[in-house]
Amino acid sequence: MGPITTRIGPMTNDERAYDRGRLGLWLAGTARAEGIERRDLLRLLAAAGVGVGATTAATVGAAAPPAAAAPGARAAGIVKPLPPDRFVIHGTNAETRWSALRGTGYHTPNDLFFVRNHTVTPALDAATWRLRIWGDGLRGARPAEFSLEDLRALPAVERSVFLECAGNGRSFFDRQQGEPVSGTAWSLGAIGMARWRGVRLAEVLRRAGLSPHAVDIQPRGLDDAFFSGGVNLGRVRRPLPVTKALDDVLLAYEMNGAPLPPDHGHPVRLLVPSWIGISSIKWLGDIEVSATPLYSPWNTDLYRLFGPGHPEEGSAPLSRQTLKSAFELPWEAPLSAGRARVLTGRSWSGGRGVRSVEISVDGGTAWRPATLHDAPRPGGWVRWSLRWTPRTPGRTELLARATDVDGTTQPERTAHNTQGYLFDAVVRHPVTVA
Ligand SMILES: Nc1nc2c(c(=O)[nH]1)N[C@H]1C(S)=C(S)[C@@H](COP(=O)(O)O)O[C@H]1N2
Ligand SMILES: [Mo]
């Protein structure tokens, strides 16, 4: 395909410029935003300086936290077993325990992979399932339809990339920085790595008749509509710029060599490498291809950074993941004094990969380089290890600090945002030596 130009000018991966362009178009009456209050968009427009004068309300409240069940409740709606030694349940979601990942190899086994459900895992029949692609960003007026068999007949590709929730690590805003935030209180287990097999979205969009005027695509799930604070936000959907859609995005139908399991999007999900998990829509039912910018609650009130230090309309819609590290150890792990052991863990980034990891076993005073067992790679993670013999009985904190290929190192603190997205600070992992 040749280069694509759009009505908002040459395409760019600069999300902020892109967003401003889209706001301008909405103001001109050419962007659509079903399910979003006009008042909310006007607030975004005003704060972005797009210029709607004095008619706008200037207040930004923290968005309502997602519905969450009582801690310790069963994960309603998740199909696979969630043994307590492998998962921590948060309402409709389940995070992987890092202690269960030790020795699992590069890929996270499907039965250990975290689940983030807005509602419940739907039962879909792969034999009758169809993907509908529609919208004014297609050349023809007719929608295109694909069965699973149709997609399987197209050239298949495989990619090993991680999938991580934007809120992974969220609980550390409160636990480590004393800053309460709304949303699922994940520790660091809302991430998994899989070998995804499917067809390139670019290939399918081309066959559907993608027009050069397309600017956004909006995939939508077949799971139930999501209610937040009593408001029906509709079915889970989030616009994706055409630039990213044509780059490295997959329509995935296999995960680690098996058909996509029910909880992970059976029969077909989107897989958007390096971007926050919400981009990778599960149980895909349709994709709107639009010649005008689209909005949904998932790129306006949700999945932007709000709070002091951020623009009033929030940051640009979040895209890439941040830099993190985790030890494959239980929280408060008991360790034996005088006995050598190998500390293991993993580090990852939404950028070009992790090039080095340092470990501190004394709460952050002295640092030693860990041995890396994987090469840095976009969308990848690196496993690491360090041999350590604990000497002094008592409590201590283990720290792992990664540096990516571009020279960015995990900071000591993450700037606060009200919904606790994109935590990237070094986590202090307590252990007890006895
Ligand atoms: N249809 C649909 N897609 C969805 C979601 C959802 O609830 N419904 N959750 C999103 C979020 S927030 C994340 S982090 C990932 C989680 O994928 P997983 O459950 O396969 O780990 O799926 C995304 N895609
Ligand atoms: Mo997420």
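Strand β18 (residues 333–335) and strand β25 (residues 428–433) run parallel and are joined by 3 bridges. Strands here are DSSP runs of E, at least two residues, numbered from the N terminus. Two strands pair if DSSP finds at least two bridges between them. This is a predicted model, in which local features need pLDDT of at least 70, side-chain atom pairs count only at pLDDT 80 or more, and totals for chains, interfaces and linings use all residues. Residues are numbered from 1 along each chain as its sequence is written, chains are lettered from A and ligands numbered from 1 in the order in which they are written, and side-chain values use heavy atoms, leaving out hydrogens and water.

**Strands around β25**
- Pro334 stands opposite Thr432 in β25.
- β25 also pairs with strand β24 (residues 394–404), in the antiparallel sense, over 6 bridges.
- Thr396 has Val431 in β25 as its bridge partner.

**The four-stranded sheet**
- An open sheet is formed by 4 strands in the order β17-β19-β23-β22, with antiparallel pairing.
- β17 (324–327) and β22 (371–372) each have a single partner strand, so one side of each is left without a neighbour in the sheet.
- Strands β19 (residues 341–348) and β23 (residues 381–388) are antiparallel and joined by 8 bridges.
- Arg346 stands opposite Arg383 in β23.

**Ligand 1**
- The space that ligand 1 takes is the largest cavity. A cavity is a set of points, on a 1 Å grid over the protein atoms alone, where a 1.4 Å probe fits but cannot get out.
- Ligand 1 is surrounded by 21 residues, and the closest are Phe114, His118, Asp223, His264 and Lys282. A residue counts if one of its heavy atoms lies within 4 Å.
- By class, this shell has 10 nonpolar, 6 polar and 5 charged residues. Asp, Glu, Lys and Arg count as charged, and Gly is among the polar residues.
- An oxygen atom of ligand 1 lies 2.8 Å from a side-chain N or O atom of His118.
- A nitrogen atom of ligand 1 lies 2.6 Å from a side-chain N or O atom of Asp223.
- For the side chain of Lys282, an N or O atom is 2.6 Å from an oxygen atom of ligand 1.
- Ligand 1 taken alone exposes 530 Å², and the protein buries 100% of that. Areas come from the Shrake-Rupley method with a 1.4 Å probe.

**Backbone features**
- Most residues other than glycine have a negative phi, and most peptide bonds are trans.
- His266 and Pro267 are joined by a cis peptide bond, with omega about 0 degrees.
- Pro267 is in the loop between β14 (258–259) and β15 (269–271).
- Trp283 is not a glycine, yet has a positive phi of about 45 degrees.
- Trp283 is in the loop between β15 and β16 (284–290).

Terms used:
A polar contact is a pair of N or O atoms within 3.5 Å; within protein, one must be able to donate a hydrogen and the other to accept it, and residues adjacent in sequence count only if both atoms are side-chain atoms. On a 1 Å grid over the protein atoms alone, a cavity is a set of points where a 1.4 Å probe fits but cannot get out, and a pocket is an open set with protein on both sides within 12 Å along at least five of seven lines; lining residues have an atom within 4 Å of a point. A molecule sits in a cavity or pocket if more than half of its atoms lie within 2 Å of its grid points.
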